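I begin with the rule for pairing and then go through what I looked up.

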Amino acid sequence: GNAFVFCVAEETTMITIRKSGDRGHFDHGWLDTYHTFSFADYHDPAFMGFRALRVINDDRVQARRGFGTHGHRDMEIITYVLEGELGHQDSMGNGSVIRPGEVQRMSAGTGVMHSEKNASDELVHLLQIWILPERHGITPGYEQKAFPAAERDGRLRLVASRDGRDGSLTIHQDADLYTVTLRDGASVTQDFRPGRYGWVQVARGTVTVNGKPLTAGDGAAIEAESRVTIAGDGEVLLFDLA
């Protein structure tokens, strides 16, 4: 009898892989983009987001090209640069360049206009992440921080959280975003509190998530797992979500 009960409990744990090649994909020439979740002209009712996580766009922008001025509202937008340099301008008066190891948070709230341009003569590769805010009508805000490689090497580094703890960016949602760079098969483990969900996004390289293989561009939804171990060689983003 006990074995049966154990099996039932085991079945409730779930890691669902979202393969890189199954994502929405558009090559606009100046922009080569993959959409993990529905975005713009890509619509898949099965992939409208995961918990508060609404968008993960994997963008490669050609030299000196970019997104012209456009508006957002009621969204927490996180920009994570993997290669190259991304210039940012917005209607709050912020102008900056985001480089690898730097993460930017823009709270669109009641409304903000911004533009993003490749600030260099090289390709820029970035992840743009949208998280639904816990409420509408937030005063727009902006933050950008550098997270040194040493802080992300072989350990999970918190880069965004609701309370801004450990020097992370502050987002208006009960979500934690970690990043880690793994080398030579190293591993990290994250414990999830009951009722929490996870999303793993592989930025580059090849890793396993609780033994399941993932490669660059792959994502994994984590449900009812108390612990997740990520191992391998690569750069990974881990979301801990309500």
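Two strands are taken as paired if DSSP finds at least two bridges between them, and I kept this rule in mind throughout, working on a predicted model.

Entry 1, strand E9. I looked up the partners of E9 and found that E9 pairs with strand E12 (residues 141–146) in the antiparallel sense over six bridges, with Tyr-142 in E12 as the bridge partner of Met-106. E9 also pairs with E6, again antiparallel, over five bridges, and there Thr-79 has Gln-104 in E9 as its bridge partner. I then checked burial, and six of the six residues of E9 (residues 102–107) are buried. Glu-102, Gln-104 and Met-106 point one way, while Val-103, Arg-105 and Ser-107 point the other way. In a regular strand the side chains alternate between the two faces of the sheet.

Entry 2, the open sheet. I traced four strands in the order E5-E10-E7-E8, with antiparallel pairing. E5 and strand E8 (95–98) stand at the edges with a single partner strand each, so one side of each has no neighbour in the sheet. The twist averages 20 degrees from one strand to the next. For E7 (residues 86–90) and E10 (residues 112–118) I noted five bridges, and Asp-90 stands opposite His-114 in E10.

Terms used
Residues numbered from 1 in each chain as written. Predicted model: local features only at pLDDT ≥ 70, side-chain atom pairs only at ≥ 80, totals over all residues. Heavy atoms only, no water. Axes fitted to C-alpha atoms, helices over the stretch in contact; angles between N-to-C directions. Buried < 20%, exposed > 50% of the residue type's maximum accessible area, 1.4 Å probe, protein only.
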